[in-house]
Amino acid sequence: MNLMHYWRAMWGIIGRELWRFVTQRERFISALVRPLVWLFVFAAGFRAALGLAITPPYETYILYEVYITPGLIGMIQLFNGMQSSLSMVYDREMGSMRILMVCPLPRWFLLLSKLLAGTGVSILQVYVFLGIAWFYDIHAPWQGYLWILPALVLSGLMLGALGLLLSSFIKQLENFAGVMNFVIFPMFFMSTALYPLWKMKESSAFLSQLAQYNPFSQAVEMIRFALYGQFNQQACLYTLVAFVVFMAAAIVGYNPSKGMMVKKGGG
Amino acid sequence: MKTLPALAIENLSFSYGGKKALDQLNFSINAGECTVLLGPNGAGKSTLFSLITHLYDSHEGRIQLCGFDIKQQTRLALSKLGVVFQQTTLDMDLSVLQNLYYHTALHGLSRQQANVRIQQELERLNMYERRFEKIRQLNGGHRRRVEIARALLHKPSVLLLDEPTVGLDVPSRLAIVEYVHQLAEEEKLAVLWASHLIDEIYPEDHLIVLHKGQIKAKGTVNDVLDASQSTQIKDAFYSLTQGEQA
């Protein structure tokens, strides 16, 4: 097994995922419509209801639309991570996951490549979203559009690894509705994506604590700071640790002797 | 000098929780041999395939592919294996060529090597002209041909086929059966073919009759007929599996 084999396999997996994404136009459009509805409708409605103080990384008063843009970027990646996990459950039910799993490469490498592929797709969506937001007068410093890239890679990997972990537990597609109710919604609403921590603390100290420890909040804060050319070390470290933990658990989940694959039976 | 069997299974057992799915299986397949695995639903055929492909891991027994242990030398063992699963595992929205490129990338072939191998395998199956078509546009028989071509791209020594002709019309079924037997003979491939259909067995094939996780008979067609004191495979199968449908 040489390094070229790993290289070719990784690009094979990434290329397939990107190709599938660009050819599935409905998926591309629906991935964009969701955050845009939040931006154009929800944020516009809430603009008057929520007053925002000046908090880092912002140096002046900002509109609510500006505040939730990093949260919506996180939302794109969160949904994409879960979509990837959904497609893995689908692939497993349909059998195409087997083709990946029987190729002669370590399983952790295959899962990581799959994760990188999903992250690449989510980054594409984010940049298109930022492009549309720019025309809606949501501007970040131009360096921010570059700094955000490594942040998007890390947050995409973390959320994708969470999806991967969940997919190792879910046997059937029908169970995926549970993921929506018990993972995506609590993670999104109990985070700093839509409202800052201090605002949440005013109504519930307990909720604000939960939001603080929510890895999704930390990923959103990392993105928020990066978009304004700043480095949030704590958020970055937290997201990195969450990625390592989720990824390690997902690898165990897909291990043929230890993981859930065996406990679920079948065949 | 004694040559290693292409596939060797020794004392293999597997349980789902407390329920035994496979019980002390022993058999081997040599290069150029076509072995048909017959068994009713729930006999353990798919579990056996999942163990050989390392989708599951067994704590009891041993599986070797060309001498490589599937647990100790997983990657070397898997590199010797080509698989056609029961369900279609092609990406419907991609073309024949894109599906095959994906497989060659997973097996580390360069684009140049991939082009040569894809052309060779598709031409043998009369599918090269259709390489730009999306899988969704192909009928069931042609999809199966693409899957067989894909399983052979990296030149495996062992070919596993899990009921590959289910749902196909008679001419497509016969063509695939004929082609796989030809492959075993000409390419010296070791073939393990799980099947429901007794008419897919050729007189020179080897047979394994699996029932409730145990091998009830194995050997050449004649060995199995003798073991069950039958004159026809159909009768032998019924008597060995106590009348259950394949």
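1. From the N terminus on, the elements of chain A run α-α-α-α-α-α-α-α-α-α-α-α. That comes to 12 helices and 0 strands for the secondary structure of chain A. Keep in mind from the start that this is a predicted model.

2. On confidence, the predictor gives the complex an ipTM of 0.82 and a pTM of 0.83. For chain B the mean pLDDT is 89, and 98% of its residues reach 70 or more. As a reading rule, where pLDDT is low, the predicted coordinates should not be read in detail.

3. Chain A has 267 residues, and buried residues make up 44% of them. Consider next the contacts in chain A between residues at least 6 apart in sequence: 77% of these join residues at least 24 apart.

4. How many residues of chain A are in contact with chain B? There are 29 of them, and they touch 27 residues of chain B. On the chain A side, the elements that give two or more residues are α1 (3-23), α4 (96-101) and α12 (260-264) of chain A. Of these, α1(A) gives the most, with 10 residues. Sorted by class, this side of chain A has 16 nonpolar, 9 polar and 4 charged residues.

5. Now to chain B and its sheet of 6 strands. This sheet is open, its order is β6-β7-β8-β3-β9-β10 (chain B), and the pairing is mixed.

6. Strand β3 (residues 34-38) of chain B and strand β8 (residues 190-195) of chain B run parallel and are joined by 5 bridges. Within this pair, T35(B) stands opposite L192(B) in β8(B).

7. Helix α8 (residues 233-240) of chain B lies across β3, β9 (206-211) and β10 of chain B. Relative to β9(B), helix α8(B) runs at about 30°.

8. Chain B also has an open sheet of 4 strands, in the order β2-β1-β4-β5 (chain B), with antiparallel pairing. Which strands form its edges? They are β2 (19-29) and β5 (68-69) of chain B, each of which pairs on one side only. Strand β4 (residues 60-65) of chain B runs antiparallel to β5(B), and 2 bridges join them. In one of these bridges, L65(B) has F68(B) in β5(B) as its partner.

9. In general, an α-helix has 3.6 residues a turn, so residues three or four places apart point the same way. Just after α1(B), H54(B) takes a positive phi of about 65°.

Notes
Residues numbered from 1 in each chain as written. Chains lettered and ligands numbered in written order. Predicted model: local features only at pLDDT ≥ 70, side-chain atom pairs only at ≥ 80, totals over all residues. Pairing = 2+ DSSP bridges. Contact = placed C-beta atoms within 7 Å. Nonpolar A, V, L, I, M, F, W, Y, C, P; charged D, E, K, R; others polar. Axes fitted to C-alpha atoms, helices over the stretch in contact; angles between N-to-C directions. pLDDT = per-residue confidence, 0-100. Buried ≥ 20, exposed ≤ 12 C-beta atoms within 10 Å, placed from the backbone.
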